Amino acid sequence: MIPARYGATRFPGKLMQDLGGKPVIVRTYEATKDTKLFDEVYVVTDSELIYKEIELSGGKAIMSIKEHDCGTDRIAEAVVDMDVDIVVNVQGDEPFTSKSGLKQVLSVFDGPDADKIDLASLMTEIYDWKEISDPNSVKVIVDKDNFALYFSRSPIPYPRDKNAAVQYYKHKGIYAFRKKALLDFYKLPMRPMEAAEKIECIRYLEYGKNIKMAISNTQSIEIDTPEDLIRANKVLKDDKNITINNMYRNFPMVPKVVFGRGSFDQLPSILAPQRKDKAPFIYLVDDVFKDDEVIIDRMNLRFNDKLIFVSAEEEPKTEQVDTIVKSIKGEFTYSPSGIIGVGGGSVLDLSKAVSIMLTNKGSSSDYQGWDLVSTKSVYHVGIPTISGTGAEVSRTTVLTGPDKKLGINSDFTTFDQVVLDPDLTASVPKEQWFYTGMDCFIHCVESLNGTFLNEFSKSYGEKAYDLCKEIFLSDNLSEVESRGKLMMASWHGGMSIAYSQVGVAHAMSYGLSYVLGIKHGIGNCIVFDHIEEYYPEGVGLFKKMKDYHNIKLPQGICNNLTEYQMDTMIDIALSLVPLWENALGDDWKSIMTRDKMRELYFKM
Ligand SMILES: [Fe+2]
C-alpha cells in the first residue's frame with residue numbers, strides 16, 4: 001500500500017512532480033510493482049488528481065474516505081475489508097524503492113522470532129554527524145535482536161563518550177504489518193511522545209508493541225524538497241546510461257597462473273598449502289582421461305581426495321552441476337579444500353559452477369546471469385587440456401538451464417589458480433583442436449569488431465588474433481611451439497572478451513546449442529561460415545583456415561527444424577542482448593530481425 005497525500009508541508013504537490021517523464025507517485029508505484037514481491041499494489045490517496053493519474057497509467061488506486069493524520073491510518077482504512085495477511089507501507093515519495101530493502105523487511109516474518117513481531121521496518125547505517133544531528137532524519141536505536149527501543153529526531157544515543165563504538169541508524173519509512181496490528185494502530189489515539197517528535201511509529205512503542213528492524217544499506221532518495229527532485233532526475237538519467245555494458249568494469253583476473261611444459265607436475269605442491277584438515281580435494285576430470293593412468297598418477301591424490309570423471313560429450317547443464325554438488329555434500333562432512341577441473345571448456349565451466357554451488361544455496365539455475373552469486377566459492381583450480389575457449393581465464397561459465405543457456409557471471413566464478421601445461425593438449429583430436437581454436441579466433445574477431453571495444457580488450461584481442469593466424473595459417477611452427485602459442489592465444493582471447501563482449505556467431509551458436517545440442521566450438525564455426533556480412537575480413541580468414549586444414553563442416557542442419565524449434569532458437573539467440581549491442585550497436589533490433597535470423601539459420 002502506498003499512501004499518497006497531495007499536500008505536503010515542505011513541498012506541496014511533490015508526488016505529482018515530473019521525474020524523468022512520469023509523476024513521482026507513478027514511478028514509486030511502478031518500482032514497487034516491479035519488485036514482484038506483492039500480490040497486489042495500491043496507491044491510497046486523498047487526491048482525485050493522483051487517483052486519476054494512477055488509473056491512467058494502468059495501476060490500482062483507492063480513494064481514502066476520511067481525513068487522516070498519517071499514512072498508516074490511510075492504509076488501515078483501505079485494508080479493513082481486504083483479505084490480507086501482511087500489509088507493507090511503501091512511502092509514496094520514494095521512487096527508487098528497491099527490491100532488496102522490501103525483501104529484507106518481509107524476511108523478518110520468516111525469522112525465528114516472527115511470532116513476537118507486530119510490525120517490521122527498515123533502518124540504514126549512517127556515519128555523517130551532519131546527518132546524525134539533522135532533525136529531518138529519524139534515528140532509531142535497537143536492542144540486541146534488532147527490536148526498536150526508540151525513534152527520535154535527536155541523535156540517539158547521545159555520544160557523551162566520543163570514543164565509544166556506536167553505530168547510528170537512520171529509520172527508513174517502510175513498514176510491514178500484520179493486518180491485525182495495522183488495524184489496532186488505527187484505533188489507538190496518539191500519545192504525547194509521538195505528538196512531540198512527529199514520528200508515527202513511536203505510537204507503537206508507546207503501546208508496548210514490538211517493532212523488528214531489518215538493516216538495508218541500499219541508497220534511496222526521498223523527494224522531500226525541490227533539490228531532492230533535481231537530484232532524483234539526475235540519478236534517473238545516469239541510471240539509464242549506466243548498464244553492465246558501458247560502465248567501467250571492475251573484474252577479477254586469475255590471481256595465480258603457472259605456464260610451461262610439464263608444469264602439471266607442480267600441482268601437488270601448489271595444492272598443499274590449500275589443504276584443510278579432513279577436507280578433500282575433488283578432481284573433476286574429462287572422461288577421455290579415464291584410462292590414462294599416467295595423467296591420473298601425476299595428479300597424486302591423497303587422503304580422502306576424490307576423482308570424478310565427467311563427460312564433456314554435451315555442454316554442461318545446471319542439472320549436472322546440481323547433481324555433482326549434491327553427491328559431494330552427501331559424501332563428505334567437510335566442505336572440500338578445493339575443486340580441480342581438468343579438461344576442456346565444458347569441464348572447466350562445470351568445475352567453476354560446482355565450486356560456487358558448494359557455498360551458495362538452491363539450484364545453479366538460480367544464478368544464471370550477471371552478479372547473482374553472493375557467497376565466495378570454494379578454492380578452485382583450472383587445468384585446460386584443450387585450448388581456445390578462454391574458460392580458464394573468464395569470469396563466467398556457460399551453462400544450459402531448464403529455460404535458458406546463460407553463464408554464471410560473477411566475481412567468484414574466476415579460477416583461483418590456473419595451470420597451463422601445453423603438453424596436456426597433445427592428444428586432442430584434430431577436428432576438436434580446430435573447432436576449439438576457432439572459438440578463440442572468433443572471440444578476437446567479435447571483440448575487435450564490437451562497439452564495446454577499448455584499448456584493454458584490443459591489446460589482448462590483437463595479440464590473440466595474430467597468434468591464431470600464425471598457428472592456423474603458417475607451416476613453420478613445430479607442434480610443440482603451436483601448442484604453447486594456442487594456449488596463450490586462448491588466454492588472451494578470453495581476456496579480450498572479459499572487457500568487451502562476443503557477438504553474432506556466439507549469439508546464434510547458443511541458439512544451435514540449446515535446440516540441437518551442438519557443442520560450442522563447432523556451433524561457432526557453423527555460424528561463422530555464413531556471416532561474412534558482419535565480419536568480412538574475419539570470415540574470409542576463417543574460410544582460408546578451414547580449407548588449409550581440410551575441415552568439412554556439417555551442412556543443412558536447420559533444414560528439418562519444426563517451426564517451434566526455429567522460434568525457440570531465434571528466441572534464445574535474441575535474448576543475448578549485450579552480444580547484439582556489442583556486435584551491431586544500439587540499433588541492433590532493426591538489423592537483426594527474426595526474419596533475417598531465420599534466413600541465416602536456414603543457410604547453415
Ligand atoms: Fe566462445
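Let's call a residue buried when its relative accessible area is under 20%, exposed when it is over 50%, and partly exposed in between, using a 1.4 Å probe and protein chains only. Helices (H or I, at least four residues) and strands (E, at least two) are DSSP runs, numbered from the N terminus. What you're looking at is a predicted model, so local features need pLDDT of at least 70 and side-chain atom pairs count only at pLDDT 80 or more, while totals for chains, interfaces and linings use all residues. Residues are numbered from 1 along each chain as its sequence is written, and side-chain values use heavy atoms, with hydrogens and water left out.

The iron ion is coordinated by Asp439 (OD), His443 (NE2), His506 (NE2) and His520 (NE2), at 2.1 to 2.2 Å. Donors here are N, O and S atoms within 2.8 Å of the metal (3.2 Å for Na, K and Ca), and since water is not among the atoms, sites may look incomplete. Along the chain, the donors of the iron ion are spaced as D-x3-H-x62-H-x13-H. His443 lies in helix H14 and His506 in helix H17, so this pair ties together parts that are 63 residues apart in sequence. Both histidines are tucked away: His443 is buried, with a relative accessible area of 3%, and His506 is buried at 3% as well.

Why is the arrangement around the iron ion irregular? The 4 donor atoms subtend angles of 84 to 173 degrees, which makes it so. For the label, four donors count as tetrahedral if all angles lie between 85 and 135 degrees; four count as square planar and six as octahedral if opposite donors are over 155 degrees apart and all others between 65 and 115; anything else is irregular.

Next, the hydrophobic packing. A nonpolar core is a set of buried Ala, Val, Leu, Ile, Met, Phe, Trp, Tyr and Cys residues joined through side-chain atoms within 4.5 Å. The largest one has 60 residues, and Phe441, Phe528, Ile531, Trp580 and Tyr601 touch the most other members. H14 supplies the largest share of this core, with 8 residues. Take Ile531 as an example: leaving aside neighbours within four places in sequence, Ile531 is in contact with Val504, Ala505, Val539 and Leu600. Another core, of 35 residues, lies apart from that one, and among its members are Phe11, Ala120, Leu122 and Ala176.

Now for a sheet. It is open and made of 6 strands in the order E12-E19-E17-E15-E13-E14, with parallel pairing; two strands pair if DSSP finds at least two bridges between them. Strand E12 (256-259) and strand E14 (306-310) are the edges, each pairing on one side only. From one strand to the next, the twist averages 15 degrees. Inside the sheet, 5 bridges join strand E15 (residues 338-343) to strand E17 (residues 380-384), and Gly343 has Pro384 in E17 as its bridge partner. Helix H13 (residues 345-357) packs on the sheet, touching strand E13 (281-286), E14, E15 and E17, and its direction makes about 170 degrees with that of E15. Axes are lines fitted to C-alpha atoms, for helices over the stretch in contact, and angles run from 0 to 180 degrees between N-to-C directions.

Not counting residues up to four places away in sequence, Thr28 touches Ile2, Val90, Gln91, Gly92, Glu94, Pro95 and Thr97.

A few backbone details are worth a look too. The peptide bond from Ile156 to Pro157 is cis, with omega near -5 degrees, and Pro157 is found in the loop between strand E9 (148-152) and strand E10 (168-178). Lys36, in the loop between H1 and strand E4 (43-45), has a positive phi near 55 degrees and is exposed at 71% relative accessible area.

Key. Contact means heavy atoms within 4.5 Å.
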